[in-house]
Amino acid sequence: MFRLPIRPLVFALPLGLFLVMVSSSLVDMDATRDLTTQANDWILAIFSNAYAIAAFGFVLTCIWAFLSPLGKVRIGGTQAKPILSRWNWFGVTLTTTIAIGILFWATAEPMFHLYRPGGLPVTPGSEDAARFAMTSLFMHWSITPYAIYTVPGLTFALVYHNLGQRFSISAPIAFLIGRRVPDGAAQFVDAICVLSLLFGLSATLGAGILSISGGIGRLTGLASGPVLTACVGTAIVAAFFVSSASGLQRGIRVLSDINTRAFLALALFVLFAGPTLDMFRLGGEGLIGLAREFVSRSLVLAPFNDREWVNDWTVFNWAALLAWAPLSAMFLGRIARGYTVREFIIVNLVAPALFSIVWMTIFGGLALHTEMASPGLLKNALDQAGPESVLYTVVDSLPFSFAVVVFLVLLSFLSYVTAADSNTDVLAGMTLRGRPEDTKHAHSVAIKLVWSLVVGLSAWVMITYSGIDGIRILSNLGGFPALFIVLTFNVTLVGLGTWKLRELRGREPPAEMPQCQQP
């Protein structure tokens, strides 16, 4: 008889709660929306400053870890060999974190900020508003977002590979308290993180379905209704299940490599086919603004303290990213074996943040240039057809626009598949007993199928009955418990780099831990 070695609480608790929420949406969407909106408003009213200060603290922790003696520590011990080459490592990191977000929001988000410049005394639609929009884009999609992933990812990498802790979110907690966390408590913590990731993964998949459906609609004239979104969602779920079931080397690594090269090709084409000088001008002004305003924006200081705008955008983004952070950290930490702490920070924070800045300069700059040249063009597309339509409207101004739209649809599909398959891999690893590298392939595939179906169904329900606002609220709710977990990881990392540094340097992983070779 085929029996899965499931961790009961980690599987049943998040699955049950998640299905209850999805079912309630089908029974009474208005009541469910009201309930989730009230919960979201309460979280933002009480914990808005906590999100902002914590996110800024994660940036400072990354700077400290890079410059401190901790930076020289090799993940997995002095003799550890890398699992991935540097290029593959960067590609996997880039495409499994927020690359899907920059694809969807790079052209849409500036339109919101251009006409609602954060409560500042700036004329909507003006050049000053455009500079504000570009700076906000850099703020929300470069340094801080990657710091939110880097801190827990690095912490988990060290406690898992160097200290030989189990594959559980409770591993850093065990380090802090000096003893193994009881199995029941460990399962409860892991279950909360699985629930957070389910929220985040469903929200992101929903955004992906909307984006791809919008592109297909533009190419074919089909309406982006429930049938089209269901077909797109089914295709994405099937693809990321097959890729995840293929494993790291055959599925995730290959997909991320193709995805990264496709991102670079599209960015280069748009850079030279679009208004290059204006893109660079807007990007340069945005970077100057980011350097000047980073601390004030991070700590919500005047004049960047319009509470409604901050909660709608900056804090909302941090919460959505935090929903992914704990379990994404386990994936990022597991694949980092063989590299030093400094290399981890470069590949997980510095390099992808620079990539994001370049991407936003190109696509955000193109969107702002297009809107300033033809006022109302993109704003009307946003108001009438939603954020997913803005990118395709922008592309209409480029040469070979039909071919570019086809490429964008394929790239969107690939991006969401790449991000989802790595996180499905983590969901399976958390749900099953033992270390992921020791799990039977058949068991891993079976549990990945379950999570793939759950995520796909919930994403379709959310976009069908509540649209993009429901998706954003869903992701924000997942970030609330994750905030406290990532803060715990931050404290653990500081401990590893100070009073536990000597032990960390001198300790090798258990003998049975496999030494994975570089492909």
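Helix H7 covers residues 143–162, and in this predicted model its 20 residues reach 27 Å from first to last C-alpha, close to the 28 Å expected at 1.5 Å a residue. Helices here are DSSP runs of H or I with at least four residues, and strands are runs of E with at least two, numbered from the N terminus; the expected span is 1.5 Å times one less than the number of residues. H7 is largely enclosed by the rest of the structure, because 19 of its 20 residues are buried. "Buried" stands for under 20% relative accessible area, "exposed" for over 50% and "partly exposed" for what lies in between, with a 1.4 Å probe and protein chains only. Gly164 follows H7 and has a positive phi, near 70 degrees.

Helix H9 (residues 183–220) tells a similar story. Its 38 residues should span 56 Å at 1.5 Å a residue, and the end C-alpha atoms sit 53 Å apart, which agrees. With 28 of the 38 residues buried, H9 too is largely enclosed by the rest of the structure. Just after H9 comes Gly221, with a positive phi of about 85 degrees.

As for the ground rules, residues are numbered from 1 along each chain as its sequence is written, and side-chain values use heavy atoms, leaving out hydrogens and water. Since this is a predicted model, local features need pLDDT of at least 70 and side-chain atom pairs count only at pLDDT 80 or more, while totals for chains, interfaces and linings use all residues.

Next up is Ser458, placed in helix H19 (residues 441–465). Ser458 counts as buried, at 2% relative accessibility. Leaving aside residues up to four places away in sequence, Ser458 touches Phe18, Val22 and Ser202, where contact means heavy atoms within 4.5 Å. With Ser202 there is also a side-chain to side-chain polar contact at 2.7 Å; a polar contact is a pair of N or O atoms within 3.5 Å, and within protein one must be able to donate a hydrogen and the other to accept it, with residues adjacent in sequence counting only if both atoms are side-chain atoms.

Another serine, Ser68, lies in the loop between helix H2 (29–67) and helix H3 (86–95). Ser68 is buried as well, with a relative accessible area of 7%. Its side chain reaches the backbone oxygen of Ala65 at 3.3 Å.
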